[in-house]
Amino acid sequence: MPIRCDKAIYSVVHEEHMVHNDFFLRYLDFEETALPTALSMACLAEGTECFRVQYGREEIAARLSYSRRELPRYRDSSLMRILGISRRPGTAFLHEHFSFFASRAVDELLVEAACGGELVQERIRIVPYESPNRYLFPLRGTVLVTDTYPSVNPHRWCRNSEFAFDAGLFDESLTRSLIQGAPVLAACSGVVEEVFDGLDNTGEKTDLDELERRFGEHARIDGNHVLIRHGGGELSLYAHLSKGSVTVRQGQSVAAGQEIGRVGSSGSSWLPHLHFHVMRDGIEGPGVPVRFANLKTILGEPCSLEDTVNLVRADDPSAADCWRRHLP
């Protein structure tokens, strides 16, 4: 029987003298096959192998043991959001991050497993993703951006938020947040798909289970939030907003750079920050990477958030001027 897995994985590709490939394998499900005694994954570019990872018996056993501990943490209602499947895997190999340099962009991952004396193969398309839309950074000024895609973090292993980030601002001790109430801006023009407002900032006395019973799992996770639909099936999510700050309504058209709310700490958040990510094909669809036209490092260089921690500055042009400069 074939291995169950993603049929396609979105990757980030950029050139740093050579081509840097970055993508994340979410799971391999061996439920209907004998357990693998050997496993390899070969990264192919137009049929030519450029990188391979091999696993022996001990590493496979350790990975399967990890998966048995990890999978029970996932709620049935969250499986689509986390793994992209509605059925819970039986015997799974979870989480492999590929980040390497090669002469070309990878377009296929070949999985080969020795199972019960047979060689089982599965091919996964690797898709270097380029957004059809132009994005502005959703905050202005200098901010600290963390938990970005180059690292394996709680965003990365969740399918719909794989390319998410958290943005905050702190005093010089890095212990006191200064970003509460900062304006949050629409990163791209579009139509408001969903709005939720009304939760206080999360504190020590907040009962998140009760919050979920009253308002649902989405509100528990993202708190006060805005979801905007853009061209090409993309949606951007702005989460943990401050109570009463949302300025848009469902069905409303918004322009890039328009204020839609203010930074808070509602939902599953323990200090004020903005959580942002873009996904395709609905709230449970796969996350996709985007680049921001107006984002620079504090040294004034273009920034694509390709470090795990980024101190960045977002310029404050009008949306129209930014659009004009970047039109093809």
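How many bridges join strand β9 to strand β19, and in which direction do the two strands run? In the predicted model, strand β9, spanning residues 141-146, is joined to strand β19, spanning residues 309-314, by six bridges, and the two strands run antiparallel. Within this pairing, threonine 146 has valine 309 of β19 as its bridge partner. Both strands belong to an open sheet of nine strands, arranged in the order β15-β12-β13-β14-β17-β10-β9-β19-β18 with antiparallel pairing. The edges of this sheet are formed by β15 (253-254) and β18 (295-297), each of which pairs on one side only. In general, the strands of a sheet pair through backbone hydrogen bonds, in either a parallel or an antiparallel manner.

Contacts between charged side chains were examined next. The count of salt bridges in the model comes to 25. One of them is formed by the side chains of lysine 7 and glutamate 122, with an N to O distance of 3.3 Å. Because lysine 7 lies in the loop between β1 (4-5) and β2 (8-16), whereas glutamate 122 lies in strand β8 (residues 118-128), this pair ties together parts that are 115 residues apart in sequence.

Since arginine 75 lies in the loop between α1 (57-70) and α2 (79-82) and glutamate 212 in helix α3 (residues 208-215), the pair ties together parts that are 137 residues apart in sequence. Arginine 75 is partly exposed, with a relative accessible area of 33%, whereas glutamate 212 has a relative accessibility of 18% and therefore counts as buried, the cut-off being under 20%. Through salt bridges that share partners, Arg75 and Glu212 are joined with Asp209, Glu217 and Arg220 into one network.

Conventions:
Residues are numbered from 1 along each chain as its sequence is written. This is a predicted model: local features need pLDDT of at least 70, side-chain atom pairs count only at pLDDT 80 or more; totals for chains, interfaces and linings use all residues. Side-chain values use heavy atoms; hydrogens and water are left out. Two strands pair if DSSP finds at least two bridges between them. Helices (H or I, at least four residues) and strands (E, at least two) are DSSP runs, numbered from the N terminus. A salt bridge is a side-chain nitrogen of Lys or Arg within 4 Å of a carboxyl oxygen of Asp or Glu. Buried means under 20% relative accessible area, exposed over 50%, partly exposed in between (1.4 Å probe, protein chains only).
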